[in-house]
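Here are some notes for a colleague who is opening this entry and would like a guide to a few places worth looking at. Please keep the structure in view while reading the numbered points.

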Number of protein chains: 2
Amino acid sequence: MQEIQSDKSDEGSITGESKVHVFDSALQLVSGESLQPFSVAYCSWGKLNADKSNTILICHALTGDQFAAGDNPMTQRPGWWNTMIGPGKPLDPEKYFIICSNVIGGCSGSTGPASINPETGKPYGLDFPVITITDMVRAQEKLLEALGIDSLLTVIGGSMGGMQVLEWANSFPEKVFSAIPIAGSARHSAQNIAFHEVGRQAIMADIDWHGGDYHAEKTQPRKGLAVARMAAHITYLSETALTRKFGRNLQDRDALSYGFEADFQIESYLRHQGFTFVERFDANSYLYITRAMDYFDIAAEHNGKLAEAFTNSDTRFCVVSFTSDWLFPTSESIHVVRALNAAGANVSFVEIESDKGHDAFLLDEPEMFKTLNGFLSSVAKDRGLL
Amino acid sequence: MQEIQSDKSDEGSITGESKVHVFDSALQLVSGESLQPFSVAYCSWGKLNADKSNTILICHALTGDQFAAGDNPMTQRPGWWNTMIGPGKPLDPEKYFIICSNVIGGCSGSTGPASINPETGKPYGLDFPVITITDMVRAQEKLLEALGIDSLLTVIGGSMGGMQVLEWANSFPEKVFSAIPIAGSARHSAQNIAFHEVGRQAIMADIDWHGGDYHAEKTQPRKGLAVARMAAHITYLSETALTRKFGRNLQDRDALSYGFEADFQIESYLRHQGFTFVERFDANSYLYITRAMDYFDIAAEHNGKLAEAFTNSDTRFCVVSFTSDWLFPTSESIHVVRALNAAGANVSFVEIESDKGHDAFLLDEPEMFKTLNGFLSSVAKDRGLL
């Protein structure tokens, strides 16, 4: 996802709690493997109410983390969803107990390929088992159980976060009062798998990757990871947004250089995106998390019938997409909505007019905020919170 | 571009002539540099008529070459435009004298970064001057002059070939009786520059690139070039075509591997595209030719007014685009058509319904063939050939 310099950071960052929960038990994975022990790093904002009915779980995207709001202590930058979380904002810590955890496979504190493999005493590297979106959700469910939370008022997330939201509704329908998948999908498309494969090949092509054992070599596949990020970043923006923001403008020069410097602003911007990303993200995590997204296909567990994933569900769904998102286009959300309708689920669907592309879910999109405010008020009321 | 296994190769390949013309004179480049000597490799099919009025120049795309028809002696595969060239096809060697030359900067015989630098006796590498689409056209014009051909019945090409076609009409309007830019553009967009930059960074990230001096090191940046090709290849196809062709189908397996093998057909296909490409293409040529495309912006030479490029032109234009092409979308062709209309040029425009994406121009597209047959018959008649 795009790194956002929130334009609302002056409003005062909100204070949350950052913790890591270590589980001595095993996390059973879809692959048949298991992780033991495993850790889940999370942040929370607001207070759990007496009957534990006001929890909102935020699921982050591919390169996100648990630092959704406030300041990110690892990057010293504002949380990635500061626009969404805070007093008076849709996810209001004065009303709700809000949790966001780093996914299993990640690199911000939850167990991932950079974690120590207890069998060897060294980082897992490629010995880390391949994880799935379902495994991410199972780890989140273990965390909530450990915190004594039986059910969620809402589970919300964009992009891969939206995938997790749908998987929550599939795996634990009785624990999900409402679900908000934004710019998501119930399966990863061929084009999206293709872009991920390019990113993985770029990382693996880097001589500093060392078959995933770069920690032992005290190197990092920085160039390969930067290329992966650059390629992915293009897919997060719309062509319109790129043209408006950069067009063919030159970077700090009056004329073409007739060389391979970053003549154009778009080149300079992409290089910056690539090389700042490698400061905060683990290359093997990028391999594992993209793989989890590629493997995601809820219908496959139900004989190809997506509706069966949501049969007899009491969950209230609010599905959101953006007109200019070509990575997780509206057609993917409509595919989900049709299945929910076929399953007789309670669903509302909003396609938001935006020219900002996939990353719109991270940006200041008033119509999205309005939609979410309305939906959350409604479910909070239904739950007896308002 | 996609490597095409022509389904019409059984119809008998046509025999052409393959030659290299060596110029002792200098080719003046837009950058202010020059190339001396320089070579232009070309193929031709058919015969020049007595009044030298039946020449069709084909301009190739980024990774194309002069072997548009017949068999490619370098790859042992059918020519990239066998669907278009041959008896009874739109570009008919029984009627026309057809020429296709490898672009300056290329790697199929024309002078490029892998050629020997006369000053050092070694391959140019990054000492090769940055070239432009205009330089490619100037080299083609020198070739035609050397062959005694004063004017072209038609200049035709797709993608970067379409850029050259428009540049021909801009640089040498008096020599262009008609022009057929297909899936082209008068400028490279921010998104397209971005994808090219990813490809270049992938090549430069490869330790075997050696700052462009890989020939001296007896290596090749194979992995980097393969990644560049994979990323680019996604942009040549439509999302619909990828879904129809591959979807989430698995490759030679019944279940997910829970590893990083090519589980999905789309992954296997992309890897194949990447690793076959490096057998036939020079990595530095990829850098230079993508740069030439990025620099392309005809209007920039005319104070931002594209129409001025075509004022007082007698050239007949046939502009062609494809509905599902998101790399050179119809909007880019319409931008050209509007400028041509504003310049009072003779222009027809056809947007062809196709779900095959940018590469449609290389494929069996009956409506494209019909359009080109009609247009070429008309201009041949106007020129007194029929």
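1. A:Glu332 and A:Arg187 form a salt bridge, in which the closest N and O atoms are 3.2 Å apart. The two partners come from distant parts of the chain, since A:Glu332 belongs to helix H8 (residues 330-342) of chain A, while A:Arg187 sits in the loop between S12 and helix H3 (190-205) of chain A, 145 residues apart from its partner. The model is a predicted one, and the distances quoted in this note should be read with that in mind.

2. Another salt bridge in chain A joins A:Lys175 to A:Glu141, with the closest N and O atoms 2.4 Å apart. This pair, too, links distant parts of the chain: A:Lys175 lies in the loop between helix H2 (160-171) and strand S12 (178-182) of chain A, and A:Glu141 lies in helix H1 (residues 133-146) of chain A, 34 residues apart. Are these two partners buried or exposed? A:Lys175 counts as buried because its relative accessibility is 19%, and the cut-off for that class is under 20%; A:Glu141 also counts as buried, at 8% relative accessibility.

3. In chain B, a salt bridge connects B:Glu141 with B:Lys175, and here the closest N and O atoms are 2.4 Å apart.

4. Looking at the whole structure, a search over all chains finds 34 salt bridges. Through shared partners, salt bridges join residues of chains A and B into one network, which consists of A:Glu197, A:Arg200, A:Arg291, A:Asp294, B:Arg253, B:Asp263, B:Glu267 and B:Arg271.

5. Strand S4 (residues 38-45) of chain A deserves a careful look, as eight of its eight residues are buried. On one side these are A:Phe38, A:Val40, A:Tyr42 and A:Ser44, and on the other A:Ser39, A:Ala41, A:Cys43 and A:Trp45, which leaves both faces of S4(A) covered.

6. Which strands pair with S4(A)? Strand S1 (residues 17-23) of chain A runs antiparallel to S4(A) and is joined to it by seven bridges, with A:Val20 standing opposite A:Ala41. Strand S8 (residues 97-101) of chain A is also antiparallel to S4(A), through four bridges, and A:Ile99 in S8(A) is the bridge partner of A:Ser44.

7. In chain B, eight strands form an open sheet of mixed pairing, in the order S1-S4-S8-S5-S11-S12-S13-S14. Strand S1 (17-23) and strand S14 (346-352) of chain B are at the edges and have a single partner strand each, so one side of each lacks a neighbour in the sheet. On average, neighbouring strands of this sheet are turned by 20° against each other, direction ignored.

8. Within this sheet, strand S11 (residues 154-158) of chain B pairs with S12(B) in the parallel sense over four bridges, and B:Val155 stands opposite B:Ala179 in S12(B). H2(B) lies across strand S5 (55-59), S11, S12 and strand S13 (316-322) of chain B, and runs at about 150° to S11(B).

How values were computed:
Residues numbered from 1 in each chain as written. Chains lettered and ligands numbered in written order. Predicted model: local features only at pLDDT ≥ 70, side-chain atom pairs only at ≥ 80, totals over all residues. Heavy atoms only, no water. Salt bridge = Lys/Arg side-chain N within 4 Å of Asp/Glu carboxyl O. Helix = DSSP H or I, 4+ residues; strand = E, 2+ residues; numbered from the N terminus. Buried < 20%, exposed > 50% of the residue type's maximum accessible area, 1.4 Å probe, protein only. Pairing = 2+ DSSP bridges. Axes fitted to C-alpha atoms, helices over the stretch in contact; angles between N-to-C directions. Contact = heavy atoms within 4.5 Å.
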